[in-house]
Number of protein chains: 2
Amino acid sequence: MILAAGEGSRLKQIRNGTPKPALKLLGLSLAERTITSFSAAGIHRFLVVLGHEAGQVRAHYEQIAIRRHCDIDFVIAEDWKLGNGASALAAAAKLDSVPFLLTMSDHLLTPSLIERILQARPEQGEISLAVDRDKTEVFDVEDVTKVATSDGRIVSIGKNLEVWDAADTGVFFCTDALFSALRRAHEQAKHSLTDGVRDLAEAGKVNAVDVTGEDWIDVDTPEAFGEARRRLLASLTKGREDGYISLRLNRPLSTRLSAHLAATRITPNQITVISFLISLTGAGLLAVGMFATGVVGGLLVQAASVIDGCDGEVARLKHLSSPRGAWLDTVLDRYADMAVALAVTYAYASVHPGPLPWIIGFLAAFGFILSSYVTKEFGIRTGEPYPNDVLNRLKRRDLRIFIICLGALVARPFEALAIAGALTHLCVIGVLIRGWKRSAILER
Amino acid sequence: MILAAGEGSRLKQIRNGTPKPALKLLGLSLAERTITSFSAAGIHRFLVVLGHEAGQVRAHYEQIAIRRHCDIDFVIAEDWKLGNGASALAAAAKLDSVPFLLTMSDHLLTPSLIERILQARPEQGEISLAVDRDKTEVFDVEDVTKVATSDGRIVSIGKNLEVWDAADTGVFFCTDALFSALRRAHEQAKHSLTDGVRDLAEAGKVNAVDVTGEDWIDVDTPEAFGEARRRLLASLTKGREDGYISLRLNRPLSTRLSAHLAATRITPNQITVISFLISLTGAGLLAVGMFATGVVGGLLVQAASVIDGCDGEVARLKHLSSPRGAWLDTVLDRYADMAVALAVTYAYASVHPGPLPWIIGFLAAFGFILSSYVTKEFGIRTGEPYPNDVLNRLKRRDLRIFIICLGALVARPFEALAIAGALTHLCVIGVLIRGWKRSAILER
């Protein structure tokens with residue numbers, strides 16, 4: 001159940017008349033971000049509780065249902081203005097006794113947070129609430145709903161608790177005990193979800209599910225919106241297997257670019273193709289062999305290398321990652337490498353006759369693709385991906401393209417190609433030795 | 001339990017004084033072939049029953065134990081001359097009641113045959129016998145021990161049965177019921193294993209385990225020895241993912257060569273390196289650019305392509321396949337391809353100035369390695385190996401090397417390289433399209 005009935009008045013200034021769930025953050029609405037997180041955790045059926053601007057919000061969710069291949073049902077909370085408890089109560093008839101997850105349309109969550117609370121199925125008469133014990137990581141501590149826990153149970157809940165040890169993440173795993181509690185609160189003219197949960201907590205019926213370490217944020221103010229944006233962009237670089245140039249130059253540039261690209265209708269595969277075409281243009285200019293065209297060519301090739309990071313980033317920002325995109329990207333990168341090596345060699349050989357330039361260019365290009373080949377082969381032979389060690393970083397595409405670009409800037413693209421080629425071959429030999437040793441271990 | 005007590009008198013003429021278990025068949029003794037099959041099926045502890053030439057046979061098994069990392073214990077059957085039942089009985093004290101597998105040192109079996117009988121653990125008081133119902137596939141039907149079965153039980157057993165429906169493969173899964181039966185037979189002065197099994201069969205205590213379709217052979221005559229050799233060599237090509245040239249030219253030649261190489265002490269990795277060095281020598285001769293050297297070079301490169309099949313074949317014949325060997329082979333093949341493409345291009349470019357020959361050679365070499373790369377990438381991205389379809393066969397190494405060799409024979413190695421390169425690129429494009437389509441299916 002997703003509560004999407006509130007007005008979101010504190011976000012009015014950035015919404016520009018868009019209903020809050022439809023508000024776009026880096027190319028994807030808050031509503032779609034919530035749905036995709038649940039989908040990734042294996043949840044594909046939703047009940048959305050509507051209230052404020054019900055028609056528009058419903059239409060928005062219906063589009064999401066089509067795009068994301070999930071079932072979304074709706075219920076209208078007539079008295080949503082009373083509070084989010086009243087909204088939740090409106091869904092009671094549609095949900096009966098099945099245990100169900102409950103969250104808000106404006107909470108961004110990681111799929112693994114959802115997987116963790118799914119492990120804590122509540123007993124009959126109880127509910128579970130995901131809580132975060134790391135106070136330093138919680139955004140806007142003032143405004144967050146706080147809980148005090150004891151022995152895995154929540155004993156008190158509220159925004160103004162003096163003594164508290166965890167934050168309410170707004171993700172619940174409920175039985176219909178929630179509705180009974182909300183009805184009791186309702187009779188006392190208390191209409192927030194927190195009021196219902198407090199009723200259950202006092203009876204010791206609320207499990208605290210520890211999800212500390214998972215990223216979540218309640219996007220209800222312009223500040224929270226900005227923070228959510230920052231966190232999403234930061235997540236693009238986290239845990240990536242990047243090379244040295246990628247980490248320090250390409251990624252910082254590409255994430256900035258991706259933040260803009262995500263807001264457009266351009267698809268990740270289109271970005272892949274554009275990056276490839278820029279590479280080919282750069283290679284064409286490098287083939288001319290003049291200093292000026294070489295500089296422009298080198299810069300274009302490096303720009304393409306930066307843009308090459310955007311396809312994956314936009315795909316992740318908009319939950320559009322696909323095997324097809326990854327396949328296209330990998331293969332076109334190999335062709336782009338080949339084109340650049342061929343172009344630089346051609347330009348140099350035009351003014352330096354004899355076979356030597358060609359042999360060097362030949363070996364460099366062979367090294368580039370061999371370096372990709374051996375790590376794949378390593379993975380297949382040993383059953384584990386080749387690690388992102390120094391050898392791997394030194395032979396990665398980001399570095400060799402950067403070296404060639406630098407070479408073009410100082411009118412020495414061919415020498416730069418030779419250096420990149422030699423470096424790559426050395427790294428390949430290192431990978432070969434590592435593969436040999438690893439295979440020897442597998443034989444035992 | 002492995003019965004290795006008999007004399008093997010019918011093999012005397014080809015044994016030349018070697019005890020039968022130590023008799024080498026394509027580089028590996030009969031005893032070692034039995035042990036490696038059981039090891040592959042997960043059995044690593046053996047009890048070998050000795051009799052005839054006990055000291056020599058024991059020494060041979062002790063070497064196997066070291067090479068194959070298994071435990072081999074021994075027992076001497078003093079009255080082995082009475083029959084193989086008497087030999088088996090000698091092991092009774094060492095085996096007690098544990099269910100155990102029983103076979104003969106001269107039976108060659110597939111690991112999957114052993115896995116199938118392992119599924120048929122006998123009840124207390126019973127034994128299981130692996131039987132083959134395909135009479136047409138049984139070698140030497142006259143001499144084989146026959147069984148008649150009814151409802152999954154063996155009802156009669158013997159070499160001269162008039163009515164029979166399956167052959168005794170000589171692999172048993174036993175309880176100590178076997179020893180009781182052998183003792184009863186012994187008291188009646190019957191000393192063969194078959195006599196004991198007949199005793200149990202009459203009481204309905206012998207399960208027939210159907211292993212039809214598995215390859216097995218009792219190597220007790222020179223004819224059976226020859227047949228075992230033929231079957232082993234035939235198994236080298238069976239189920240392999242070979243290209244067209246490999247299937248019709250390289251494999252037939254390499255298996256003949258492997259049959260000889262297996263009998264030497266040369267290791268599979270040494271064969272890999274020798275093949276690589278022959279390739280490099282061939283490339284060197286092709287680089288000279290004269291017709292005569294080109295012919296020799298082309299033939300050497302093709303010879304190396306044939307020998308390149310021997311490393312894997314010898315490894316399989318001698319149960320020496322290793323991840324390290326596969327790694328070495330794959331990587332050296334890439335370098336050999338590169339050397340050949342570079343050499344042919346160099347020779348042609350020496351007499352045809354200008355960049356065009358180099359560009360063509362560059363593209364061909366890139367195609368060769370890209371063709372290996374895309375099938376690996378396909379496997380990683382889709383989780384299934386790229387199938388051995390027409391595209392894959394047309395882009396395989398056997399064909400491109402053969403084309404270049406043919407080209408060298410007609411003084412057109414460069415043109416042949418260009419054709420092989422173009423063919424490879426077309427196939428790569430086909431694989432790319434297939435990968436794209438396959439990825440699209442994965443997205444659903």
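Trainee: In the predicted model, what is the phi of D151(B) in the hairpin of strand 9 and strand 10 of chain B?

Mentor: D151(B) takes a positive phi near 55°. The hairpin formed by strand 9 and strand 10 of chain B has two residues between the strands.

Trainee: How do you know that strand 9 and strand 10 of chain B pair?

Mentor: Pairing requires at least two bridges between the strands. Five bridges join strand 9 (residues 146-150) to strand 10 (residues 153-158) of chain B, so the two strands pair. They run antiparallel, and T149(B) stands opposite I154(B) of strand 10.

Trainee: Why does A77(B) count as buried?

Mentor: The cut-off for a buried residue is 20 or more other C-beta atoms within 10 Å. A77(B) has 23 such neighbours inside 10 Å and therefore counts as buried. A77(B) is found in the loop between strand 5 (71-76) and helix 4 (84-89) of chain B.

Trainee: Which residues is A77(B) in contact with, leaving aside neighbours within four places in sequence?

Mentor: They are A5(B), V49(B), L50(B), G51(B), A86(B), S87(B) and A90(B). Of these, S87(B) is 10 residues from A77(B) in sequence, with the two C-alpha atoms 5.1 Å apart.

Trainee: What makes the two copies related as by a two-fold rotation axis?

Mentor: Chain B can be laid on chain A by a turn of 180° and a shift of 0.1 Å along the axis, with an RMSD of 0.1 Å. The two copies are thus related as by a two-fold rotation axis. The same surface serves both copies, as 97% of the contact residues of chain B recur in chain A.

Trainee: How many residues are in contact between the chains, and which helix of chain B supplies the largest share of its side?

Mentor: 36 residues of chain B are in contact with 36 residues of chain A. Helix 13 (323-351), helix 14 (356-382) and helix 17 (413-443) of chain B each supply at least two residues of the side that touches chain A. The largest share, 15 residues, comes from helix 14 of chain B. By class, this side of chain B has 24 nonpolar, six polar and six charged residues.

Methods
Residues are numbered from 1 along each chain as its sequence is written. Chains are lettered from A and ligands numbered from 1 in the order in which they are written. This is a predicted model: local features need pLDDT of at least 70, side-chain atom pairs count only at pLDDT 80 or more; totals for chains, interfaces and linings use all residues. Copies are superposed by least squares on the C-alpha atoms of residues with pLDDT of at least 70 in both. Two residues are in contact if their C-beta atoms, placed from the backbone, lie within 7 Å. Helices (H or I, at least four residues) and strands (E, at least two) are DSSP runs, numbered from the N terminus. Ala, Val, Leu, Ile, Met, Phe, Trp, Tyr, Cys and Pro count as nonpolar, Asp, Glu, Lys and Arg as charged, and the others, Gly among them, as polar. A residue is buried if 20 or more other C-beta atoms lie within 10 Å of its own, exposed if 12 or fewer, and partly exposed in between; C-beta atoms are placed from the backbone.
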